[in-house]
Amino acid sequence: MSKPIILSGMQPTGSLHIGNYLGALKNWVELQNSGQYELFFFVADLHSLTIDMKPETRRKNIRLLAAEYIASGLDPKKVTLFVQSHIPEHTELTWIFSTVTPVTELFRMIQFKDKSEHNAKNINAGLLTYPALQAADVLLYHGALVPVGQDQVQHLEMTRDCARWFNNRYGHYFPETKPLLTQFPKIMSLLEPTKKMSKSAGESHYIGMADEPKIIAAKLKKAVTATAGGGQAPGAANLLALLKQFGDKKMYTEFTAAEKNGSIRYGDLKAELASAIGNYFAGFRARRAELLANPKKLDAILEDGAERARGVAKKTMADVRKLVGLR
Ligand code: AMP
């Protein structure tokens with residue numbers, strides 16, 4: 001029996017942070033190593049066009065993200081790793097999905113509302129039709145499952161709806177994709193620990209996967225741990241959560257106990273955590289540097305992935321064109 005197909009991707013917006021690692025990449029590598037699935041991972045460069053980014057920055061970020069995927073442990077021999085725009089069928093299928101998608105459904109999307117609020121100067125049509133591109137990303141490859149956290153379930157419902165709207169009009173063809181619900185730790189900002197760690201708030205708010213140990217130590221030194229009202233401060237909880245992920249068990253148990261009985265010294269916790277994170281990503285930094293120093297090799301890997309993805313995508317689009325009456 002063939003394995004269930006899983007598909008996921010991220011936008012090329014610059015180097016990844018440890019929240020991206022714990023919230024996505026780590027799980028992707030585990031799915032790969034489980035041997036239970038056929039996996040497709042892509043660099044969502046077409047999605048990134050909804051953001052105002054300089055073309056040369058985008059070009060650089062695409063390679064960078066691919067290098068970081070591989071350096072994190074994705075093996076291009078075990079998974080199909082490709083750049084979305086290398087497969088023009090993504091845009092073609094998006095158009096077809098846009099013609100079966102009621103516009104009222106698109107206006108309902110939380111992410112559209114969020115992004116419009118934060119990008120008042122750039123509410124482009126792509127932000128609105130984004131779910132049709134997401135549906136195309138998944139359904140071109142007949143994706144059965146998409147690994148998501150609870151907050152992303154709404155978008156996946158839209159992928160399932162696109163399949164239904166298409167199937168109702170043109171005959172049953174696409175599968176109904178299901179979320180592969182996974183518990184992801186939510187990593188918080190170092191300086192504003194009530195907010196999610198993200199790059200948009202600035203360098204000192206996050207720890208990059210590629211940050212050198214010195215930088216990690218400096219950023220952690222400034223991390224907020226105090227609380228005005230007593231009780232466990234969100235900043236301290238965040239640092240302990242990170243130690244649980246990256247440090248050794250004994251240290252985590254000791255610091256957790258010390259935090260409970262009030263004897264914790266945050267300087268010690270930060271030093272321990274800095275060293276744990278620095279060590280954890282040492283291999284990643286080396287593999288990343290090697291890949292970035294050899295762009296030809298990286299491009300060859302991506303071309304090989306595109307070749308495999310293209311095989312599937314071309315077949316799907318040929319079927320779809322026939323079904324809708326274009327050929
Ligand atoms: P983004 O670029 O924000 O869309 O993130 C790419 C992936 O990383 C998504 O799967 C997010 O859920 C995950 N992610 C981003 N920031 C965090 C965070 N602070 N904690 C956990 N996961 C995150």
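Student: Which helix does V153 lie in?

Tutor: V153 lies in helix α7, residues 153-170. Helices are DSSP runs of H or I with at least four residues, strands are runs of E with at least two, and both are numbered from the N terminus. This is a predicted model, in which local features need pLDDT of at least 70, side-chain atom pairs count only at pLDDT 80 or more, and totals for chains, interfaces and linings use all residues. Residues are numbered from 1 along each chain as its sequence is written, and side-chain values use heavy atoms, with hydrogens and water left out.

Student: Is V153 buried or exposed?

Tutor: V153 is buried, at a relative accessible area of 14%. Buried means under 20% relative accessible area, exposed means over 50%, and partly exposed is in between, using a 1.4 Å probe and protein chains only.

Student: And what does V153 touch?

Tutor: Not counting residues up to four places away in sequence, V153 touches V148 and L181; contact means heavy atoms within 4.5 Å. V153 and L181 are 28 residues apart in sequence, with 8.4 Å between their C-alpha atoms.

Student: Switching to G9. Where is G9 found, and what is G9 in contact with?

Tutor: G9 is found in strand β1, residues 5-10. Its contacts, leaving aside neighbours within four places in sequence, are W28, F42 and Y69. G9 counts as partly exposed, at 28% relative accessibility. From G9 to D45 is 36 residues in sequence and 9.5 Å in space, C-alpha to C-alpha.

Student: How many cavities of 30 Å³ or more does a search of the whole structure find?

Tutor: One. The largest cavity holds about 40 Å³ of space. On a 1 Å grid over the protein atoms alone, a cavity is a set of points where a 1.4 Å probe fits but cannot get out, and lining residues have an atom within 4 Å of a point. Grid points are joined across faces, edges and corners, and the volume is the space filled by probe spheres set on the points.

Student: Which residues line the largest cavity?

Tutor: M109, Q111, F112, K115, L127, Y130, P131 and H155. At least two residues of that lining come from each of α5 (110-118) and α6 (125-139). The lining divides into five nonpolar, two polar and one charged. Here Ala, Val, Leu, Ile, Met, Phe, Trp, Tyr, Cys and Pro count as nonpolar, Asp, Glu, Lys and Arg as charged, and the others, Gly among them, as polar.

Student: Now aromatics. How many aromatic pairs are there?

Tutor: The count comes to 18. Rings of Phe, Tyr and Trp (its six-membered ring) pair if their centres lie within 6.5 Å; planes under 30 degrees apart are stacked, over 60 edge-to-face, and the rest tilted.

Student: Why is the pair F281 and F284 edge-to-face?

Tutor: Their planes are at 80 degrees, with the ring centres 6.0 Å apart, so the pair is edge-to-face. Both F281 and F284 are buried.

Student: What sits over the ring of Y206?

Tutor: The charged end of K219, 4.6 Å from the ring centre. The rule asks for NZ of Lys or CZ of Arg within 6 Å of the ring centre and within 35 degrees of the ring normal.

Student: Last one: what is phi of H142?

Tutor: Near 55 degrees, a positive value in a residue other than glycine. Most residues other than glycine have a negative phi. H142 is in the loop between α6 and β4 (145-148), and H142 is partly exposed, with a relative accessible area of 28%.

How values were computed: On a 1 Å grid over the protein atoms alone, a cavity is a set of points where a 1.4 Å probe fits but cannot get out, and a pocket is an open set with protein on both sides within 12 Å along at least five of seven lines; lining residues have an atom within 4 Å of a point.
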